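Open the model in your viewer and keep the selection panel at hand.

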Amino acid sequence: MSKEISAVITLFGGSGDLAQRKLYPALFGLYRRGVLKDHFAVIGTARRPWSDEHYRDIVREAVCDDSIEATAQASAFASHFYYQSHDVTDAAHYTTLKELAAQLDEQYAVGGNRLFYMAMAPNFFATIASHLKSEALLTEDGFNRLIIEKPFGHDYASAAALNASITATFDERQIYRIDHYLGKEMAQAILGLRFGNPLLRGVWHKDYIHDIQITLAEAVGVEERAGYYETSGALRDMVQNHVMQLLAYLTMDEPSALTPEAVHEVKARAFDQLHRYTEAEVAANFVRGQYTAATIAGTAIPGYREEDGVAQQSMTETFVAGRILTDAPAFAGVPIFIRTGKRLTRKSTQVTVTFKPQAAGLFGAQPANTLTIYVEPSEGFSLELNGQALGQTNVLEPEELRFRHDPAAAKAAPEAYERLINDALHGDQTNFNHWNELAQTWRYVDVILAAWAKDETMPTYAAGTMGPDAATALLERDGHHWFWQPTRIQMAD
Ligand SMILES: NC(=O)c1ccc[n+]([C@@H]2O[C@H](COP(=O)([O-])OP(=O)(O)OC[C@H]3O[C@@H](n4cnc5c(N)ncnc54)[C@H](OP(=O)(O)O)[C@@H]3O)[C@@H](O)[C@H]2O)c1
């Protein structure tokens, strides 16, 4: 981690789920590591009329683990938190917020630095940004940065409109559009694996790669987020952002440096080079699905359409699989298979690169070598190579070399939100979405959405399985298969 930072952090949505589950623990992590120390204050805002004392109790509760040390630190940490009841649509309240921020700036000797965090429903993002400008909440003498949660838009047009309203207040260098996958240990580690190993660097090319597969499987259903999910679906919720970001890390050129500018340049190029399908091509390359009821381990699981808050005739997809191609010269023709969904067999995010198998040679045809990167819940990677079987034989067998981060050490490492807030406090935009990236990924996804809007069929899959049969057929028709099967014996998840 890095040096101590002074800032007044204003959190819109201070009473919300994200704040309590992720943001307060992340800020506490930064406090324990000394990034936030004496010169910081957090203003939590939401409509409900909480007192500072009550708010501090909430924060303490959100960050306490079982350790006595954490409990002692939590009180000192929470003393930096202030609550301001505020309706973000009411201009007058921004004046109160501004005065409180100025007072805390002086009290904690912050030096004018401001971090605004929009952890609210996205329909408020533009309103908040315009009020921050009209009520002059940005300072002249420190940094002013904005962290904005996903979803960033609903399609290209709405994302562009939102971007226009935010850039009327903040310039691109002040905007930190979050995709928490970019804060994950093993998502960031893809760059090190790809560009720090001559062994992999030499074969990271269409001449050697058979396919790339990205799986983001969730075991949970829609839970209590049906209201949001009904307007989103798996394509918007997972593919446009998390899947695309992993895909970019896997297919982009090597950046000239590990700087935000250099990384964004190659990522933007990777998205520019995605091969865009026409609407007519979507059906052959993308599969959607919806989970239906099933009994899993003796528990009756409702189908998506039976979930609270879901329309009986809902056409929202809870599963997507796709065959993505890129026109990037290094990967032209290499299929990138992606899949994500709810109520799949097991939670796992992982990436597998399968190298072209050896068809002939001294040892004859051999199974393909594979590299698998485990993003979550385990964090590590494995490499399958063909090794000679024990004894006097020329028979080769696939052997798996595994590396897994020690779970205790991984738990102690900063969590995604902590890394990302740390980056924003230090002015490092590397692990955030540049507008160009979002624009291109929305353009890509919009074509699929348009094709699906004209299609009245919705394939289904039983809860607890790995998606509709069509998702398997999508690969098999070209001689590929899903590498990861939940039943496969691999690194323990
Ligand atoms: N929760 C997650 O795990 C998660 C994960 C990824 C992304 N996100 C994103 O994070 C954002 C927040 O999600 P969330 O789950 O935390 O939502 P949430 O639990 O519904 O919280 C919304 C917050 O906004 C406040 N609020 C609502 N209307 C307001 C108004 N007019 N003026 C001022 N405050 C208002 C609410 O408090 P009051 O009711 O007291 O006003 C509450 O603090 C969303 O963009 C979501 O997509 C969330």
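Select Arg33 and Glu418 and show their side chains. They meet in a salt bridge, at 2.5 Å from N to O. Keep in mind that this is a predicted model.

Now colour by domain. Domain 1 covers 7-149, and domain 2 covers 182-476. Between their C-alpha centres lie 33 Å. The contact draws on 18 residues from domain 1 and twelve residues from domain 2.

Next, show the surface where domain 1 and domain 2 face each other. Together they bury about 1,200 Å². Carbon and sulfur atoms carry 69% of that area.

Which three residues supply more than any others of the area that domain 1 buries against domain 2? Select Leu30, Arg33 and Arg145: they account for 34% of it. Arg33 is the residue you began with, in the salt bridge to Glu418.

Turn to the polar links. Two salt bridges cross the interface of domain 1 and domain 2. Five residue pairs are in polar contact across this interface, both partners at pLDDT 80 or more.

Switch to cartoon and stay on the side of domain 1 that touches domain 2. Select strand S1 (7-12), helix H1 (17-32), strand S4 (114-118) and strand S5 (144-148): each gives two or more residues to this side. H1 gives the most, with seven residues.

Finally, colour this side of domain 1 by residue class.

How values were computed
Residues numbered from 1 in each chain as written. Predicted model: local features only at pLDDT ≥ 70, side-chain atom pairs only at ≥ 80, totals over all residues. Heavy atoms only, no water. Domains from an automatic or database assignment. Contact = heavy atoms within 4.5 Å. Buried area = accessible area lost by both parts, 1.4 Å probe. Salt bridge = Lys/Arg side-chain N within 4 Å of Asp/Glu carboxyl O. Polar contact = N/O pair within 3.5 Å; in protein donor to acceptor, adjacent residues only side chain to side chain. Helix = DSSP H or I, 4+ residues; strand = E, 2+ residues; numbered from the N terminus.
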